[in-house]
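Look at the structure below and follow the explanation alongside it. The paragraphs move from a single residue to the chains around it.

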Amino acid sequence: MGRETRSRFLWILLCLEFFLTAGAASGEETVQKASVVEPFLEIHTGPGRSYPVFYIAERGEEILLLKRQTDWYRVRLANGKEGWVHRNEIEKTLLAQGRKKGWMDRIYDDHIAGRLEMGWEAGTFGGDASLFLRMNYLLTGALSMEGGAGFVSSNLGSTDLFQAGMVITPWRTPWFSLSGTVGGGVVYSTPSSLLVDVTRKTFHEAHGGIGISIPLVRNLFARGDFRNYTVFMGQARIREFREYSAGLSFRF
Amino acid sequence: MKRILFAVGTLGFLLGGAPALAQSENFPRSDQPAVTPPSEEHPLKEAKIDTESLEMGPYYGLYAMEGFGTSGVLGFRLAYHLTEDVFFEGTYGETRIEQETFRRLTGRLLVADDKVTTWNAGAAYNLFPGQLFLTRKKTLNSTIYLIGGLGQTRIDRQAHFTFDAGTGYKIFIVDWFDLRMEMRTHILQTDLTGKKQIMDNIEGTAAFAVYF
């Protein structure tokens, strides 16, 4: 392991230590209290249905909700035992307090209210295989900023793209939303080593396109994009490329 | 006869009708509890509960590049847990291409820059969540998962579209810290030796990660 690698590894460790400390400190501040209203409440050893039930809390017992992982809450009982309870069981407690969370509420809580969307899409760019990572930040109800990075792999070499743009989503329904995007970026072209001229070249591009986003489950979306790229190759030469992509994204 | 009918009617009223009439006037209906236990309400705010959906950490291991030896690989991963079964993960790793054998055989270097970077994004499924029994009393949660995705392998600055798939074993020391071992195969097409060929690179790593 070289000096550069060692220092990078130490840097990663320092970052992790920060997150460990921050995570441990924030855990106790957000404790919520509830009472068991069902005849019994099954407490699992881990956040999953396959982890065994090791304790059953009875009606009337108070529970502290310590934290949540996916659909599971870590709870602490009055006798000090700690374990995991499924969200549905916790919702029964909420129901007894006169408020029930339905699936539409979950959609709102988990992703409609989120502003940051991150995802990746695979597809074709000018007929060659491509892969993009994309990130959107919602500015208003319909307008968002977009940043992305991707690459295209072909027989003649590879191409890296870094792009930024604006996305407008005029039509948003609970089932899907349609959007239009315009933007620009930088294109780095690296020819295959089998070619004579292997000089890396840099170009600029402008693009426009349309996209569709479909909520799947919780904050997971399926998305598809069509974009038309105009690449300025220099010396007044212009080439057009079309991108067809589909992938997944998350909204936080 | 009239007396008998009157007696039967009176008895029927007393046994059936009268108690029902009395209940409807003096007692609550049977579908409501007789006594409502006092309950203390705790308004719950889900948004205030700490949520741990992200997992991140470094990994280190060996990366065997088909036909070009094995080198150490150091990387970083970030995962998002959607459900208890499914998570999505992005990784970035760095390794080096071993050129010594090629140099001995041909007298020249294969690539000018021997640094190889990989990144990929994929989905994983927790196939066998369960427990590891360390001792009679000490158990740790664990899971075996399958993972697959798409990404790129950059060799000598040229990016290659890469499919990857693998499996891993994760042990939770505490619920926000895990150790894992993983094996993955990276399949890509290159022209390193002057002709197009499919490379199947095997990566074995050990890692730790925190949830936040």
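Not counting residues up to four places away in sequence, Phe241(A) touches Phe125(A), Gly126(A), Tyr229(A) and Val231(A). Two residues are in contact if their C-beta atoms, placed from the backbone, lie within 7 Å. The model is a predicted one, in which local features need pLDDT of at least 70 and side-chain atom pairs count only at pLDDT 80 or more, while totals for chains, interfaces and linings use all residues. Residues are numbered from 1 along each chain as its sequence is written, and chains are lettered from A and ligands numbered from 1 in the order in which they are written.

Phe241(A) and Val231(A) also belong to the largest nonpolar core, which has 15 residues. Such a core is a set of buried Ala, Val, Leu, Ile, Met, Phe, Trp, Tyr and Cys residues joined through C-beta atoms within 7 Å. A residue is buried if 20 or more other C-beta atoms lie within 10 Å of its own, exposed if 12 or fewer, and partly exposed in between, with the C-beta atoms placed from the backbone. Trp120(A), Leu131(A) and Phe151(A) are likewise among the residues with the most contacts inside this core. Strand 7 (116-125), strand 8 (128-138), strand 9 and strand 13 of chain A each supply at least two residues of the core, and so does strand 7 (158-174) of chain B. Apart from this core lies another, of 13 residues, among them Leu41(A), Ala57(A), Leu65(A) and Val75(A).

The strands of chain A come next. Chain A has three helices and 14 strands; helices (H or I, at least four residues) and strands (E, at least two) are DSSP runs, numbered from the N terminus. Eight of the strands close into a barrel in the order 7-8-9-10-11-12-13-14, with antiparallel pairing. Neighbouring strands of this sheet are turned by 25° against each other on average, direction ignored; axes are lines fitted to C-alpha atoms, for helices over the stretch in contact, and angles run from 0 to 180 degrees between N-to-C directions. Strands of a sheet pair through backbone hydrogen bonds, either parallel or antiparallel. Two strands count as paired if DSSP finds at least two bridges between them.

Several of these pairs can be followed in detail. Strand 9 (residues 143-154) of chain A pairs with strand 10 of chain A over twelve bridges, and a hairpin through two residues joins the two strands. Gly150(A) has Leu161(A) in strand 10 as its bridge partner. Strand 10 of chain A in turn runs antiparallel to strand 11 (residues 177-191) of chain A, with 14 bridges between them. Here the hairpin has four residues, and Trp171(A) is bridged to Leu178(A) in strand 11. Strand 13 (residues 220-234) and strand 14 (residues 237-251) of chain A, also antiparallel, are joined by 14 bridges, and Leu220(A) stands opposite Phe250(A).

Ala164(A) is found in strand 10 (residues 157-172) of chain A. Is Ala164(A) buried or exposed? It counts as exposed, because Ala164(A) has 12 C-beta neighbours inside 10 Å. Leaving aside neighbours within four places in sequence, Ala164(A) is in contact with Glu146(A), Gly147(A), Gly183(A) and Gly185(A). Thr199(A), in the loop between strand 11 and strand 12 (201-217) of chain A, counts as exposed because it has 8 C-beta neighbours inside 10 Å.

Chain A averages a pLDDT of 81, and 77% of the residues score at least 70; pLDDT is the predictor's confidence in each residue, from 0 to 100. Over residues 18-29 of chain A the pLDDT is below 50, and this stretch has ten contacts in the model beyond near neighbours in sequence. Of the 252 residues of chain A, 29% count as buried.

Chain B has two helices and nine strands, which run α-β-β-β-β-α-β-β-β-β-β from the N terminus on. Of its 212 residues, 32% count as buried. A closed barrel of eight strands runs 2-3-4-5-6-7-8-9 in chain B, with antiparallel pairing. The twist averages 25° from one strand to the next. Within chain B, eleven bridges join strand 4 (residues 86-96) to strand 5 (residues 115-133), and Arg96(B) has Lys115(B) in strand 5 as its bridge partner.
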